[in-house]
Amino acid sequence: MTEIPLIARARAHATSIAFRSGTSTQTYQDILDRSHGLAAALLGEADDLNEARVALLLPGGFGYVAAQWAIWRAGGIKLPICLSATESEWEYALTDSSVSIVMTDAAMAPKIAPLCERLGVRLMDIEAITAVPVKSLPSISPERRAMILYTSGTTSKPKGVVTTHANIQAQIESLVQAWEWSASDRIPLFLPMHHIHGIINVTSCALWSGAMIEPFARFDLNAILDRVSEDAYTLFMAVPTIYVKLIQALESFSESKRTAIIGGFKRMRLMVSGSAALPASVHEQWTALTGQKLLERYGMTEIGMAISNLYHGERRPGAVGAPLPGVEVRLKAESGKIITTEDMPGEIQVRGPGVFAAYWNRPEATAEAFNGDWFCTGDMAVLERGYYRIMGRLSVDIIKSGGYKLSALEIEAALLEHLMIAECAVIGLPDDTWGEAVTAVCVLKDKATLDLPTLRDWCKGRLSVYKVPQRLLVVAELPRNAMGKVTKPAVKALF
Ligand code: MLC
Ligand code: AMP
């Protein structure tokens, strides 16, 4: 029988602790047992889910991983959805990928139950599943599709990024090798579990290595820092916004508290930043404060991690480093020529076994995203003294706020439903904490008035919190070019 390597490897660490939360712990054997039971419950009378889509609505931790492995061991495709999404965002993901089952817990079940009922989707509260008969599980080949992650792009609606078990394995192995993960590592998990940063870089790399994860239901700064001061962790992975928030918090603490926490950070073997640009100033502030040189890396849902500063070697502020093991990177100039020298900017293109298989049900979008077998990232970079430096994105319609990738077009479409808004253009403006702040520039209907708090309030329930505009500018008309098209650079110039 072919078993998924991530799961097969857990047998070698059966008695090691995989998850710790306070005094409660679960071993690798516990995950194997629980995922087997949940897989049997998913299958019922069937022998194989045959790539049926199963959504996961769970916080990171033991339950999430047991459910994830259950879906995989039963032959299904896992589709994690955002805990704080609105019902219409959930509905879009569930219908776009024709999900047949949603796995959740007792806390979330009541929130999604009405939608599941309306869509005719089976709802499974994993906490209600106790005894299940032992059942033999199907053989899973590496080429089988394993996961769909929804990602925003230059279209108004998010696209489902499909990865196979082989893609996921390649993404994990590359990082385990580059950053020297080992069974003695201990890492906190506070990132959302519907994106690769939390799923692959933290959780899957840890479990591949036999390491220990300490999950937090949310980014609970004080609880995490208490554990840092107790030397609980060897590794730390976060988005730049979190480092900004940590610096602000450390500066506000008493000397003794600050010293204890800084000691914990100092003694970690590695601290990583990614998912958005880490300003060189934050990098330098963090080193001055803790003595730790952050390792910045670059990745994307479609490709996993591609470029990283070195674990042993230079960690250059403002640069993302060199290609990771198994990943090929090239830059393509606007002229279409492949760049072969340093100091020439071009689009990052990536090739390798970690690159995703396809966008779910969107063959044209998949074809457009590739140049032969090279994936076109839409990010611009330049190679300088052997390291890549990210220069920005080709599309102004993509915003990164707090590490979340957002589509300006999706937010515009939502805002246009507001009775007072005649036209709008959404842009990202530089922001010290969030990287970019979602900013709405609106033309209002006759005599209407609108302020930011009213708009933010209206957005609740319509858009996830991180998509809600943080700034609003009301204008008499939007800047347009000679063809009558709104030009976003001119919109940005209004600020
Ligand atoms: C929260 N808020 C945000 C926000 N997150 N506003 C803008 N952008 C965001 N991302 C708002 C809330 O609505 C709230 O507003 C206020 O900020 C405080 O909310 P909070 O929930 O207390 O914030 P916090 O818990 O501190 O969350 C911040 C965060 C979170 C940085 C921890 O945004 C986060 O987990 N980001 C990580 C996203 C991620 O994992 N991306 C990886 C994608 S994969 P109010 O009005 O209520 O005060 C990828 C590939 C790769 O990119 O390379 O890794
Ligand atoms: P996502 O689609 O959510 O996976 O986000 C991927 C995008 O995040 C990339 O295309 C980049 O634009 C951005 N990104 C990730 N890491 C970095 C980084 N270190 N510096 C700058 N941008 C980054």
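**Helix packing and ligand shells**

Let's start with a helix pair: Tyr 64, Val 65, Gln 68 and Trp 69 in H3 meet Ile 199, Thr 203 and Leu 207 in H7, where contact means heavy atoms within 4.5 Å. Helices (H or I, at least four residues) and strands (E, at least two) are DSSP runs numbered from the N terminus. In that contact, five residues are nonpolar, two are polar and none is charged; Ala, Val, Leu, Ile, Met, Phe, Trp, Tyr, Cys and Pro count as nonpolar, Asp, Glu, Lys and Arg as charged, and the others, Gly among them, as polar.

Quick housekeeping: this is a predicted model, so to speak of local features we need pLDDT of at least 70, side-chain atom pairs count only at pLDDT 80 or more, and totals for chains, interfaces and linings use all residues. Residues are numbered from 1 along each chain as its sequence is written, chains are lettered from A and ligands numbered from 1 in the order in which they are written, and side-chain values use heavy atoms, leaving out hydrogens and water.

Two packed helices are described by the angle between their axes and the distance between the axes. For H3 (residues 62-73) and H7 (residues 196-209), the axes come within 13 Å and cross at roughly 80°. Those axes are lines fitted to C-alpha atoms, for helices over the stretch in contact, with angles from 0 to 180 degrees between N-to-C directions. So H3 is roughly perpendicular to H7; that label covers 65 to 115 degrees, while under 35 is roughly parallel, over 145 roughly antiparallel and the rest oblique.

Next pair: the axes of H10 (residues 255-266) and H11 (residues 280-290) come within 9 Å and cross at roughly 110°. That makes H10 roughly perpendicular to H11 as well. H10 brings Ile 262, Phe 265 and Lys 266, and H11 brings Trp 286, Leu 289 and Thr 290.

On to the ligands. Which residues come nearest to ligand 1? Out of 25 around it, they are Ser 275, Arg 297, Lys 400, Ser 401 and Gly 402, with "around" meaning a heavy atom within 4 Å. For polar contacts, the cut-off is a pair of N or O atoms within 3.5 Å; within protein, one must be able to donate a hydrogen and the other to accept it, and residues adjacent in sequence count only if both atoms are side-chain atoms. A nitrogen of ligand 1 is 2.8 Å from a side-chain N or O atom of Ser 401, and a nitrogen is 2.9 Å from a polar backbone atom of Gly 402. Lys 245 puts a polar side-chain atom 2.9 Å from a ligand 1 oxygen. On its own ligand 1 exposes 1,000 Å², and the protein buries 75% of that; areas are Shrake-Rupley with a 1.4 Å probe, and for residues only the protein chains shown count as cover. H7, H9 (240-252), E13 and E22 (398-401) each give two or more residues to this shell.

Ligand 2 has 15 residues around it, and Arg 297, Thr 301, Asp 379, Lys 400 and Lys 405 come nearest. Thr 301 has a polar side-chain atom 2.6 Å from a ligand 2 oxygen. The protein covers 94% of the 500 Å² of accessible area ligand 2 has on its own. Strand E13 (residues 295-300) gives the largest share of that shell, five residues. By class, the shell has five nonpolar, four polar and six charged residues.
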